[in-house]
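I opened this model to look up a few things about its packing and its surface. My notes are below the display.

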Amino acid sequence: MTRYEDLSPKPNSDETKGGEYSPLTSSNDFAEEDEKLLHPGRIPRRQSKWVIVWGATRLLLEILGLLLLVSNFLMLLNYSQPVTGPDPRVSSGPSNQHRQYGSDVRYMSFDHKWDYLWKEAFVEDWGQIALPPFIDTEGLYSKDPVHDEGGIGMFHAFHCLASMRTAFQKMNETKTTLEKLQKGDHVAHCFDYLRNVIFCMADDTFELARNKTGHPWGEIIEGQWDVRTCRDHTKLQHIMDKYGKWRRHPVPRYHDEVGIPNKEPPHALQTQKV
């Protein structure tokens with residue numbers, strides 16, 4: 001072979017069979033290395049374990065955040081719906097008490113000597129409760145002003161009745177007028193509130209003209225001597241005594257728009273001593 005011998009394939013050789021020229025093909029074994037040399041910024045690096053941990057943690061936090069967002073949305077939907085029915089934590093139980101109203105002349109009188117019977121209705125926060133969970137070490141009431149605080153309907157109604165009684169007294173003593181009471185937002189509210197309470201309770205007792213023994217031999221229908229099916233109101237009294245917000249005040253504070261005498265009558269003092 002000469003020094004400059006032409007090594008190109010002969011026309012009749014196998015490499016040129018069919019009259020086609022097949023160029024030499026380079027190997028792809030080093031193609032990836034060539035790419036790395038041409039584009040050094042694209043060289044993949046192995047992620048450290050902290051990067052992997054942070055990625056997983058961030059994904060978990062995003063999932064938790066989404067769940068909290070959905071739960072808050074559902075809570076808002078729930079709070080936007082009207083709440084119906086009594087709270088099971090504040091219940092006087094089923095209607096299984098059978099009693100007569102009876103007749104108590106003390107509660108029929110507007111005389112100031114009986115004011116002490118209505119006095120509790122004017123204690124600040126009377127009838128309002130703070131339910132568990134408790135923060136107080138003595139377990140008397142919750143100091144959380146946001147959750148589980150409210151009032152009991154029965155005590156609200158009694159407070160309204162007491163306020164109307166006091167309004168009658170003050171009108172009789174010319175300390176107020178019907179016009180002033182009408183312009184106020186308390187007694188007028190109470191009048192309408194009690195109207196709604198009556199309709200809400202929808203007492204369906206079939207009242208007859210009975211005598212004091214309950215027999216239908218009376219002259220007029222008083223409704224005092226019919227035997228009724230009631231709920232146990234003393235249960236609500238126990239709940240209020242246990243969880244009442246009025247316990248927060250070392251000394252009872254009295255306030256009301258129409259007011260009652262702040263000086264306790266002798267009857268009240270005697271009752272407390274007993």
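**Entry 1: helix α6.** I note before starting that this is a predicted model. I began with helix α6, residues 233-243, and asked which of its residues are buried. They are L236, I239, M240 and Y243. I then checked how they are placed around the axis. They cover an arc of only 95°, which puts them on the same side of α6. Next I looked up what covers these buried residues, and found that the cover includes β2 (128-130) and α3 (153-172).

**Entry 2: the cores.** The largest nonpolar core has 18 residues. Which of them touch the most other members? I listed V90, W126, I129, I152, F155, L236 and I239. Helices α3 and α6 each supply at least two residues of this core. The largest share, four residues, comes from α6. I also noted another core of eight residues lying apart from it, with C160, M164, L181 and L194 among them. For background, I wrote down that nonpolar side chains in soluble globular proteins tend to be buried together.

**Entry 3: L236.** Leaving out residues up to four places away in sequence, L236 touches V90, S91, S92, I152, M154 and F155.

**Entry 4: surface patch.** I then went to the surface. L59, L60, L61, I63, L64 and L67 form a nonpolar patch there. Together they have about 570 Å² of accessible area. I picked L67, which sits in helix α2, residues 49-80. Is L67 buried or exposed? Its relative accessibility is 53%, so L67 counts as exposed; the cut-off for exposed is over 50%.

**Entry 5: M108.** I found M108 in the loop between β1 (97-99) and β2. Not counting residues up to four places away in sequence, M108 touches S103 and Q224. I also looked up R165, which is 57 residues from M108 along the chain. The C-alpha atoms of M108 and R165 are separated by 9.9 Å.

**Entry 6: H215.** At 39% relative accessibility, H215 counts as partly exposed. Leaving aside neighbours within four places in sequence, H215 is in contact with A209 and R210. How far apart in space are H215 and D226? I recorded 8.7 Å, C-alpha to C-alpha, for this pair, which is eleven residues apart in sequence.

Terms used: Residues numbered from 1 in each chain as written. Predicted model: local features only at pLDDT ≥ 70, side-chain atom pairs only at ≥ 80, totals over all residues. Heavy atoms only, no water. Patch = residues over 30% accessible without salt bridge, like charges linked within 9 Å, V, L, I, M, F, W, Y side chains within 5 Å. Areas by Shrake-Rupley, 256 points an atom, 1.4 Å probe, with all protein chains shown as cover. Salt bridge = Lys/Arg side-chain N within 4 Å of Asp/Glu carboxyl O. Buried < 20%, exposed > 50% of the residue type's maximum accessible area, 1.4 Å probe, protein only. Arc of directions from axis to C-beta. Contact = heavy atoms within 4.5 Å. Core = buried A, V, L, I, M, F, W, Y, C linked by side-chain atoms within 4.5 Å.
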